[in-house]
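User: Hi, could you walk me through a structure with me? I'll paste it here.
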Amino acid sequence: MSVVDVLVVGAGPAGLAAGIEVAKRGGRVCVVDRNLEPGGQLVKQIHKFFGSREHHAGVRGVDIAAQLLEEARALGVTLRLGWEVFAIRPGHAVDIVQAVADDATGGAGDAPTERFDARSVVLAAGAEENALQFEGWTLAGVMGAGAAQTLINVWRVRPGKRVLMVGAGNVGLIVTYQLLQAGVTVAAIIEAAPRIGGYGVHAAKIRRAGVPILTSHTILRAEGVECVEGAVVAQVDGTWCPIEGTERRFDVDVICVAVGLHPNTRLASLAGCRLVFSPALGGWVPLHNAFLETTVPGIYVAGDAAGIEEASTALEEGRLAGIAAYERLRDVDAEGHAEIAAIQRRLDDLRGGPFCGGIRAAKSALQTTGETPCPAT
Amino acid sequence: MPGNLSQDGYLSLDELRSAPGVPSHDRMRRGPVAVIECVQEIPCNPCEAACPHHAIRVGTPITNCPVLDPEKCTGCGLCVTQCPGLAIFVVDLSRSGETAAVTLPYEYLPLPEAGELVDVVDRSGEVVGRGRVLRAATTRATDRTAAVTVEVAREHGMNVRGIRREEVDGNGHDR
């Protein structure tokens, strides 16, 4: 059994930032990630990020991952890659199992397990894509936009020749642009809502590249025998019902689904953290206070696992959770902690503007649900 | 050109006219100048630091839309490759003859070469004519975003926002 001050689950922007803050303060910290490559979703974000300089604005996501990793390694953060948490027991005993065999074991025999005795835990396991059911949705060629993005940007494999993108939020718009960059044709983006959900500048990039965006349209079915050969879409009315006679067929071999994300709450649920439902945050989310502590003392949550947002907010939440999770061990008054206050201010700024208004309100609503998650340290 | 950013995905001429980052037609006739097509209050400000002439202001909060000072702007184009949204262009209507020069951010490979003839497209992706590439520049500082300057018919200086080449971007070889 290994003893650590803080065990972090997830090596994306939130998890790496948390690990860095703990290590900076001299704490023993281990970051566990089921993937062999750290960085979370950053490793496939080949576009330049928005935000301000302190949030790496103008830097491509994949390069931000490299910077974070270098900083974490230089500070002595331990990384357990290809390992997965399968139990969080009372008192923060955390069991992990090797999920991806490395070359040494070759995958033979039972997967090795190991126990950590952690004084605090930060859950930064990110998000999962929402699914969309329609006729033919199990055909080969129907995939999440995230899968298509992994194929082109990590593995350099085109998912197909012609794509229909379902969903005009930022993920749908950005992945469309990256498919074009990879030499894949995108026949159209459809969006059930009457308006484009993502940033106008992302939409403008793919519009001038010749991709139509059909708002108030839904997918009726995927056609094909063994794999996708076409997609039929239709316009929807004000009650989201398809309008007869508006069907259109697109000759495509890939249908990408980009209809939102929801927080990955499995470990929080396993650990007994109370979950609350918040549409603005993407669905069920662990109830947490302003220091990101859940209803289970010593278990913190950060990044998309604490509500769907951006990489910039994930970085800030990771920093905050790392500091709070470590400082509580030393009885430092978190409320009086200048660094935490500064991060909270920056988060508040990032959540300003019409695109983030719902998030700011939803985050503060968590703190006024009438239940005290965990008394502030 | 119709259009409405949140409906069609590109800016209408009306939306452009009221954008604080878009200079007057008169200023464009006096020489190259940045045209910042960023009208949504999103948290982003690299353009402000990119400008060596302090001609772009975002300030606080970071969700402010960028405001261009057209008198300070020299049209150098450094901001074009620094905007993560690829939303800044440089338009020059001061050229002799019936042409305009439009500098646009470009992230497809291979890059065009000077002298190459390309289709030029408007904000909606419609081909509005042909243009000649004057320059396609990347440096270490532009981090793989090229600034491509294309010579187009003068009346399209405020319309052309992209180039289309066979066999390059995914939708180039399909229509």
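User: In what order do the 3 strands of the open sheet in chain A come, and is the pairing parallel or antiparallel?
Analyst: The order is 12-13-14, and the pairing is antiparallel. Strands here are DSSP runs (E, at least two residues; helices are H or I, at least four), numbered from the N terminus, and two of them pair if DSSP finds at least two bridges between them. Before we go on: this is a predicted model, where local features need pLDDT of at least 70, side-chain atom pairs count only at pLDDT 80 or more, and totals for chains, interfaces and linings use all residues. Residues are numbered from 1 along each chain as its sequence is written, with chains lettered from A and ligands numbered from 1 in the order in which they are written.
User: Back to that sheet, which strands are at its edges?
Analyst: Strand 12 (217-223) and strand 14 (248-250) of chain A, each pairing on one side only. On average, neighbouring strands of the sheet are turned by 30° against each other, ignoring direction.
User: And how many bridges join strand 13 to strand 14 of chain A?
Analyst: There are 3, with strand 13 spanning residues 230-235. In one of the pairings, Ala231(A) has Phe250(A) of strand 14 as its bridge partner.
User: New topic: at what angle do the axes of helix 3 and helix 4 of chain A cross?
Analyst: Helix 3 (residues 145-153) and helix 4 (residues 170-181) of chain A have axes that come within 10 Å and cross at roughly 30°. That makes the two helices of chain A roughly parallel (under 35 degrees; over 145 is roughly antiparallel, 65 to 115 roughly perpendicular, the rest oblique). Axes are lines fitted to C-alpha atoms, for helices over the stretch in contact, with angles from 0 to 180 degrees between N-to-C directions.
User: Which residues of helix 3 of chain A are buried?
Analyst: Ala145(A), Ala148(A), Gln149(A), Leu151(A), Ile152(A) and Asn153(A). Buried means 20 or more other C-beta atoms within 10 Å of the residue's own, exposed 12 or fewer, partly exposed in between, with C-beta atoms placed from the backbone. These buried residues pack against strand 8 (142-144), strand 9 (162-166), helix 4 and strand 15 (254-257) of chain A.
User: Last one: how many residues of chain A are in contact with chain B?
Analyst: 38 residues of chain A are in contact with 39 of chain B (C-beta atoms, placed from the backbone, within 7 Å). Helix 5 of chain A gives the most to that side, with 7 residues.

Notes
Contact = placed C-beta atoms within 7 Å.
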